[in-house]
Amino acid sequence: MIVLLINGSCHKNGCTFTALTEIKTTLKVHGIESEIIQLGSGAIKDCVACGKCRSLNNKCIFGDDDIVNELLAKAAKADGFVFGTPVYYAHPSGRILSLLDRLFYAGGKSFAYKPGAAVASARRAGTTASIDVLNKYFTICNMPVVSSQYWNMVHGNCAEEVKKDEEGMQTMRALAANMAWLLKCIEAGKEKGIVPSHREQRIMTNFIR
């Protein structure tokens with residue numbers, strides 16, 4: 001089993017990376033492989049809802065020059081996900097929102113029924129609002145949401161300060177342990193023939209009559 005840890009910060013070894021590294025270390029203790037994927041500082045285009053991904057076998061038409069299609073390929077083989085974001089103005093980073101819009105629009109089936117978690121890093125505030133935003137991607141896609149012993153956040157203005165956030169680091173470890181436990185429960189269920197129930201054909205209601 002493998003969990004993808006996506007760092008939505010431009011800073012490769014900053015606060016968000018520090019939180020994800022704590023998760024990665026704990027997942028390994030529980031026998032779960034993981035990979036931290038750095039989005040980098042390059043531009044990530046917004047989703048324009050063109051619908052071309054429907055005819056491209058769930059690939060984004062704009063994915064040739066950024067990380068989106070690479071992540072979609074990895075997502076199809078992954079078992080769980082953690083999306084980490086810094087908080088600048090009381091919401092997730094623009095790059096991770098652009099990424100998630102395109103990932104879930106083009107390849108939602110690669111995420112369905114797989115556990116997801118959101119992690120936010122801030123100097124002071126805006127973390128709970130950011131986590132709420134990211135969780136909405138999971139709950140629109142039939143994904144179990146992984147929680148911890150507190151909201152999934154760390155605090156600090158640099159990586160060294162985040163490491164000193166003892167409660168935040170413990171929260172990351174508890175999150176990783178819960179992710180590992182849930183993945184093992186899902187695997188055990190599959191071995192017993194317990195799989196997601198048959199889904200009805202989707203109904204999309206337009207409330208403007």
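This is a predicted model: local features need pLDDT of at least 70, side-chain atom pairs count only at pLDDT 80 or more; totals for chains, interfaces and linings use all residues.
**Helix packing**

Helix H1 (residues 15–29) and helix H6 (residues 166–191) have axes that come within 8 Å and cross at roughly 45°. H1 and H6 are therefore oblique to each other, and their crossing is right-handed. On the H1 side, the contact is made by Thr18, Ala19, Glu22, Ile23, Thr26 and Leu27. H6 contributes Met169, Met172, Arg173, Leu175, Ala176, Ala177, Met179 and Ala180. Sorted by class, the contact of H1 with H6 has 10 nonpolar, 2 polar and 2 charged residues.

**Cavities**

The structure contains 2 cavities of 30 Å³ or more. The largest cavity holds about 90 Å³ of space. It is lined by 13 residues, of which Cys47, Cys50, Cys53, Cys60 and Tyr105 are the closest to its centre.

The second largest cavity has a volume of about 30 Å³. Its lining consists of Leu4, Ile6, Leu71, Ala75, Phe81, Phe83, Leu103 and Phe111. Strand E1 (2–7), helix H2 (68–77) and strand E3 (80–86) each supply at least two residues of this lining.

| Cavity | Volume | Lining residues by class |
|---|---|---|
| Largest | about 90 Å³ | 10 nonpolar, 1 polar, 2 charged |

Note on methods: Residues are numbered from 1 along each chain as its sequence is written. Side-chain values use heavy atoms; hydrogens and water are left out. Axes are lines fitted to C-alpha atoms, for helices over the stretch in contact, and angles run from 0 to 180 degrees between N-to-C directions. Helices (H or I, at least four residues) and strands (E, at least two) are DSSP runs, numbered from the N terminus. Angles under 35 degrees count as roughly parallel, over 145 as roughly antiparallel, 65 to 115 as roughly perpendicular and the rest as oblique. A crossing is left-handed if the near helix is turned anticlockwise from the far one by less than a right angle, and right-handed if clockwise. Contact means heavy atoms within 4.5 Å. Ala, Val, Leu, Ile, Met, Phe, Trp, Tyr, Cys and Pro count as nonpolar, Asp, Glu, Lys and Arg as charged, and the others, Gly among them, as polar. On a 1 Å grid over the protein atoms alone, a cavity is a set of points where a 1.4 Å probe fits but cannot get out, and a pocket is an open set with protein on both sides within 12 Å along at least five of seven lines; lining residues have an atom within 4 Å of a point. Grid points are joined across faces, edges and corners, and a volume is the space filled by probe spheres set on the points.
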